[in-house]
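Student: Could we go through this structure together, one question at a time?

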Amino acid sequence: MNRKSMTRWLIAGGLVLAVMLASCAYSVLYNESRWVAPMDLSTYQFRIQDLPMLIAVPLFAVYILALGFRLFQAARRQRLQGQPGYTRHLDPRMGLFGLFGFLGFLGFWTYTTQRVIFPFFFFIFFGFFGFYYEGKLSDTLADEMFEEHRLKAQLKAYKIGMSLIFLMLWLVGFGLFSQQLDYVAIYLTIGISLAYAVTVFMSEYLLYRYERQE
Amino acid sequence: MPEFTCQLKQYRVAKGLTQEQLAELVHVRRETIMRLEKAQYNPSLKLAIDISRVVDQPIEKLFIFD
């Protein structure tokens, strides 16, 4: 995708987002938050005030689908040309987003007070620490050696992640927390989130190691 | 990875090319050429052919497999 085309997509995205936000604001202020707050669609009756949201939501969906298709096409074209591309530009400080992983500990509090376990999912954000190593390899020419290293790193990371998931399932299968289904749900949410985070982090870390031959 | 000896450096120098220039001509990084010359990286057939064309030497003279 060239710079001109990217600018056009960004402007279109901004417009679609603006339409979406304006529709949401209109709905919240003048239409009892219909189509913004959860509603029972079995008793739905059309109102003319619903129109902004009924236009904005499909428009947003079409934009996302079209953008995905366009990116896929651009990546395919680059592959067919056989010319290596460059890795994306990323600031290594983005790795600090990995600190959001600590939000996962909120789950212990929400579970004890409200029996809500979804915050444990936030442990997945530990994977963002991988941005640090990705940032260090920013704007690198992705030639065949780089691609080989990337595949090797990903394969090793997937093996580690799958081994962790296997170990967790094996422990549950053999009766860990078998008397407390809540604990099983918590254990699996934490475990799978961490395994995913480890996989994402390790694939970037190992790629960096292979590239720098450390 | 199969063991091999790489004779690329002597032919590259004879051709008056730096690692950087050769890398640019065959669309790879200097690091890739560097590791090739140390026989630490086994190149694809395409890269081997591209390099042999640039240095005007047959592939079997550049990469000698045991």
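Tutor: A salt bridge is a side-chain nitrogen of Lys or Arg within 4 Å of a carboxyl oxygen of Asp or Glu. This is a predicted model, in which local features need pLDDT of at least 70 and side-chain atom pairs count only at pLDDT 80 or more, while totals for chains, interfaces and linings use all residues. Residues are numbered from 1 along each chain as its sequence is written, chains are lettered from A in the order in which they are written, and side-chain values use heavy atoms, with hydrogens and water left out.

Student: Which residue of chain A meets the side chain of Arg29(B) in a salt bridge?

Tutor: Across the interface of chain B and chain A, the rule finds two salt bridges. In the one formed by Arg29(B), the N to O distance is 2.5 Å, and the partner is Glu211(A).

Student: How many residues does chain A give to the contact with chain B?

Tutor: Contact here means heavy atoms within 4.5 Å. By that rule chain B brings twelve residues to the contact, and the number from chain A is 14.

Student: What is the area buried between chain B and chain A?

Tutor: Buried area is the accessible area (1.4 Å probe) that two parts lose on being put together, summed over both. Carbon and sulfur atoms give 42% of the area buried between these two chains, and that area is about 1100 Å².

Student: Which residues of chain B lose the most area to chain A?

Tutor: Three residues together account for 62% of what the side of chain B buries. They are Arg29(B), Arg35(B) and Tyr41(B).
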